[in-house]
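Here is a short report for someone meeting this chain for the first time. Please look over the sequence and the model before reading on.

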Amino acid sequence: MLDVSTIKEHQEVVGSDGGHVGRVDHVKGDQIELAKLDLGAGFRHHMIPVSWVDHVDEHVHLNITKDDAKARWTEKH
């Protein structure tokens, strides 16, 4: 089970292919909000579920690829 407290602000989020997805703004419940001031995020806030996280070290590693994450993330309204 992933300890979400290990996910810190400004950590890089990378896909299972090593591709840059974004940077953590903060964790809200079971969602990670990505910082909007990031080229990878297209300068918009996006939300990804914590369930996509495979493991955390100096980066937040997802269990899906960068392209899959970007196809499935949701935009914050």
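The report goes from the whole chain to its sheet, then to single strands and residues.

## Basis of the model

This is a predicted model: local features need pLDDT of at least 70, side-chain atom pairs count only at pLDDT 80 or more, and totals for chains, interfaces and linings use all residues. Residues are numbered from 1 along each chain as its sequence is written, and side-chain values use heavy atoms, with hydrogens and water left out.

## The whole chain

The chain holds 1 helix and 7 strands. Helices (H or I, at least four residues) and strands (E, at least two) are DSSP runs, numbered from the N terminus. Along the sequence the pattern reads β-β-β-β-β-β-α-β. The radius of gyration is 11 Å, close to the 11 Å that the globule rule gives for 77 residues, so the chain is as compact as a globular protein of that length. That radius is taken over C-alpha atoms, and the rule is 2.2 Å times the number of residues to the power 0.38. The C-alpha atoms fill a box of roughly 30 × 25 × 20 Å along the principal axes.

Of the 77 residues, 39% count as buried. Buried means under 20% relative accessible area, exposed over 50%, and partly exposed in between (1.4 Å probe, protein chains only). Among contacts with a separation of 6 or more, 40% come from residues 24 or more positions apart. A contact means heavy atoms within 4.5 Å.

## Surface and charge

The chain exposes about 4500 Å², and carbon and sulfur atoms supply 51% of it. These areas come from the Shrake-Rupley method with a 1.4 Å probe; for residues, only the protein chains shown count as cover.

There are 9 positive and 14 negative side chains. Lys and Arg count as positive, Asp and Glu as negative; His and the chain ends are not counted. The centres of the two sets lie 7 Å apart. Each charge is placed at NZ of Lys, CZ of Arg, CG of Asp or CD of Glu.

## The sheet

The 7 strands form an open sheet in the order β5-β6-β1-β2-β3-β4-β7, with mixed pairing. β5 (53-56) and β7 (74-75) stand at the edges with a single partner strand each, so one side of each is left without a neighbour in the sheet. Two strands pair if DSSP finds at least two bridges between them.

β2 (residues 20-28) pairs with β3 (residues 31-34) in the antiparallel sense, over 4 bridges. Here V24 stands opposite L34. The hairpin has 2 residues between the strands, and G29 takes a positive phi near 65 degrees.

β3 also pairs with β4 (residues 46-49), again antiparallel and over 4 bridges. I32 faces I48 across this pair. H46 has E75 as its bridge partner in β7.

In a regular strand the side chains alternate between the two faces of the sheet. Both faces of β4 are covered: H46 and I48 are buried on one side, M47 and P49 on the other.

## Two exposed residues

L39 is found in the loop between β3 and β4. L39 is exposed, with a relative accessible area of 70%. Its C-alpha atom is separated by 22 Å from that of K28, 11 residues apart along the chain.

H10 lies in the segment before β1 (12-14). Phi of H10 is near 75 degrees, a positive value in a residue other than glycine. H10 is exposed too, at 57% relative accessible area.
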